[in-house]
Amino acid sequence: MKWLDDFFERKTRRVAQSASRRSALAKVGKLFVGTAFILPVLPFDRMMPTAHAGENKKAVEDDTSCDYWRYCALDGFLCTCCGGTISSCPPGTEISKVTWVGTCRNPGDGKDYLISYNDCCGVTMCGRCACNRNERERPGYRLGVHNDINWCMANGSNAYHCTVAAIVGVGEQRG
């Protein structure tokens, strides 16, 4: 193995005599920039490929079911299963000061609604009726339409309990 050590020692000394640290850093930087264009970093879908395999296409009117139309972009526990309602937090919790939004179509009237998803904060996780639907979710750099964040971050207590889905607007038909 001495020959291997000698070989790398000679090569390392040769590189050290012919190149400065600055030029080595420049070469490494070019390598990183070059690979960024060759190997594009694209957003990817982290959902399981079978997440929608058993999706029920029928209109679900039960607001304690994750298939309910207002929950199209919700990720969390449903407050309707945790002592609250679809638009109000359970007693002992407070609504988050920041929120994310989603646009969901009501199959009953065919209209699109802007839904505000607010986390209810202040006590430990509810743990009932977990729901993770990510329709039209955007990557984390578009915070307002990203649902993988603890939105209790602006509250006094950032303990997450459950999520409500309140209607804040109705889409207009164009054309």
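**Exercise 1.** Determine whether Cys82 is buried or exposed in this predicted model.

*Solution.* The relative accessible area of Cys82 is 7%. Buried means under 20% relative accessible area. Cys82 is therefore buried, at 7%.

**Exercise 2.** Characterise the link between Cys82 and Cys126.

*Solution.* Step one: the sulfur atoms of Cys82 and Cys126 are 1.9 Å apart, and the two residues form a disulfide. Step two: the torsion about the S-S bond is -90°, and the link of Cys82 and Cys126 is left-handed. Step three: Cys82 lies in the loop between β1 and β2, and Cys126 in the loop between β4 (112–121) and β5 (130–132), so the pair ties together parts that are 44 residues apart in sequence. Step four: Cys126 has a relative accessibility of 14% and therefore counts as buried.

**Exercise 3.** Which handedness does the disulfide of Cys79 and Cys162 have, and which parts does the pair tie together?

*Solution.* The sulfur atoms of Cys79 and Cys162 are 2.0 Å apart. The torsion about their S-S bond is about 90°, so the disulfide is right-handed. Cys79 lies in the loop between β1 and β2 (94–95), whereas Cys162 belongs to strand β6 (residues 160–170), so the linked parts are 83 residues apart in sequence. Cys79 and Cys162 are both buried.

**Exercise 4.** State the handedness of the disulfide of Cys72 and Cys104.

*Solution.* Cys72 and Cys104 form a disulfide with sulfur atoms 1.9 Å apart. The torsion about the S-S bond is about -80°, so this disulfide is left-handed.

Definitions and conventions:
Residues are numbered from 1 along each chain as its sequence is written. This is a predicted model: local features need pLDDT of at least 70, side-chain atom pairs count only at pLDDT 80 or more; totals for chains, interfaces and linings use all residues. Side-chain values use heavy atoms; hydrogens and water are left out. A disulfide is a pair of cysteine sulfur atoms within 2.5 Å. Helices (H or I, at least four residues) and strands (E, at least two) are DSSP runs, numbered from the N terminus. Buried means under 20% relative accessible area, exposed over 50%, partly exposed in between (1.4 Å probe, protein chains only).
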